[in-house]
Amino acid sequence: MKMSAQLSASATAARAHQEMFAYWASLRRGAGLPGRVDLHPSSMKRLLPTVSLIDVVREPRDYRLRLAGTGLYGVYGREITGKSLSEVYNTAAADYWRKELDKVVDDRRPGVGVHSLAWRGAPHMSILWLRLPLASNGKDVDMILGYDAIVGAQAESSSGIRAA
């Protein structure tokens with residue numbers, strides 16, 4: 001793949017992350033976190049295909065995908081809405097996500113990272129992910145807004161960028 005195509009895809013992903021973060025930040029109430037009720041799909045229409053809403057389950061803590069955008073179906077090869085982490089991922093990937101989501105909940109701060117799709121048999125693809133805390137009461141994180149940008153050979157070929 002050409003370096004310019006890789007950089008272009010990464011820059012596009014970074015811009016989408018900035019857009020989602022700015023939208024989330026605009027919903028904050030002073031030091032308080034926004035809640036699910038503050039989200040308006042029409043305000044993030046372009047990003048919706050890879051948006052997710054993740055419920056924080058208490059006692060014992062776990063996470064369930066309340067909603068997964070239609071673009072995530074292709075990433076996971078199936079519908080993941082309504083599923084827990086252990087129903088979507090192998091043990092290592094579920095542990096990775098549990099650790100990352102725990103940080104978002106405990107620190108009440110956004111999380112960002114890159115996760116390889118090698119666990120799904122696609123080592124040439126990765127998710128550039130963003131996880132944003134939501135709290136009904138402004139303080140206790142009870143849901144997480146997720147946004148995933150898919151980068152890699154398959155993602156670029158579907159957007160018109162081809163490997164050299």
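These legends walk through close-up views of one predicted model.

The model is predicted, so local features need pLDDT of at least 70 and side-chain atom pairs count only at pLDDT 80 or more, while totals for chains, interfaces and linings use all residues. Residues are numbered from 1 along each chain as its sequence is written, and side-chain values use heavy atoms, leaving out hydrogens and water.

**View 1. The whole chain, from end to end.**
Let us start with the overall layout. The protein chain holds five helices and five strands, and reading along the sequence gives the pattern α-β-β-α-α-α-β-β-β-α. Helices (H or I, at least four residues) and strands (E, at least two) are DSSP runs, numbered from the N terminus. Of the 164 residues in the chain, 45% are buried. Here, buried means under 20% relative accessible area, exposed means over 50%, and partly exposed lies in between (1.4 Å probe, protein chains only). Among contacts with a separation of 6 or more, 50% link residues 24 or more positions apart; a contact means heavy atoms within 4.5 Å.

**View 2. Five strands side by side in an open sheet.**
Strands of a sheet pair through backbone hydrogen bonds, either parallel or antiparallel. In this model the order is E2-E1-E5-E4-E3, and the pairing is antiparallel. Two strands count as paired if DSSP finds at least two bridges between them. Which strands stand at the edges? They are E2 and E3, each with a single partner strand, so one side of each has no neighbour in the sheet. From one strand to the next, the twist averages 30°. Axes are lines fitted to C-alpha atoms, for helices over the stretch in contact, and angles run from 0 to 180 degrees between N-to-C directions.

**View 3. Strand E4 and its two partners.**
Is E4 mostly enclosed or open? It is largely enclosed by the rest of the structure, because 11 of its 13 residues are buried. Seven antiparallel bridges join E3 to E4, and among the pairs to look for is Gly-111 with its bridge partner Arg-131 in E4. E4 and E5 also run antiparallel, joined by 10 bridges. There, Pro-133 stands opposite Ile-144 in E5. Helix H4 (91-107) lies across E1, E2, E3, E4 (122-134) and E5 (143-152), and runs at about 25° to E4.

E1 and E2 pair in the antiparallel sense over six bridges. Asp-55 stands opposite Arg-64 in E2, and Val-57 has Asp-62 as its bridge partner in E2. The hairpin has four residues between the strands, and Glu-59 takes a positive phi near 50° there, although Glu-59 is not a glycine. Glu-59 is exposed, with a relative accessible area of 73%. A cis peptide bond, with omega about -15°, joins Glu-59 to Pro-60. Pro-60 sits in the loop between E1 and E2 (62-68).

Arg-108 is found in the loop between H4 and E3 (111-117). What is its phi? The value is near 55°, which is positive in a residue other than glycine. Arg-108 is partly exposed, with a relative accessible area of 31%.

**View 4. Ser-52 and its surroundings.**
Ser-52 is found in strand E1 and counts as buried, at 2% relative accessibility. Leaving aside neighbours within four places in sequence, Ser-52 is in contact with residues including Leu-65, Leu-72, Ile-144 and Gly-146.

**View 5. The cavity.**
Rolling a probe the size of a water molecule over the atoms shows where empty space is left. How many cavities of 30 Å³ or more does a search of the whole structure find? The search finds one. About 90 Å³ of space lies in the largest cavity. On a 1 Å grid over the protein atoms alone, a cavity is a set of points where a 1.4 Å probe fits but cannot get out, and lining residues have an atom within 4 Å of a point. Grid points are joined across faces, edges and corners, and a volume is the space filled by probe spheres set on the points. Residues lining the largest cavity include Ser-52, Leu-65, Tyr-76, Trp-97, Arg-131 and Asp-148. Strand E1 (51-57), helix H2 (71-76) and helix H4 each give two or more residues to this lining.

Methods
1 Å grid on protein atoms, 1.4 Å probe; cavity = no way out; pocket = protein on both sides within 12 Å on 5 of 7 lines; lining within 4 Å.
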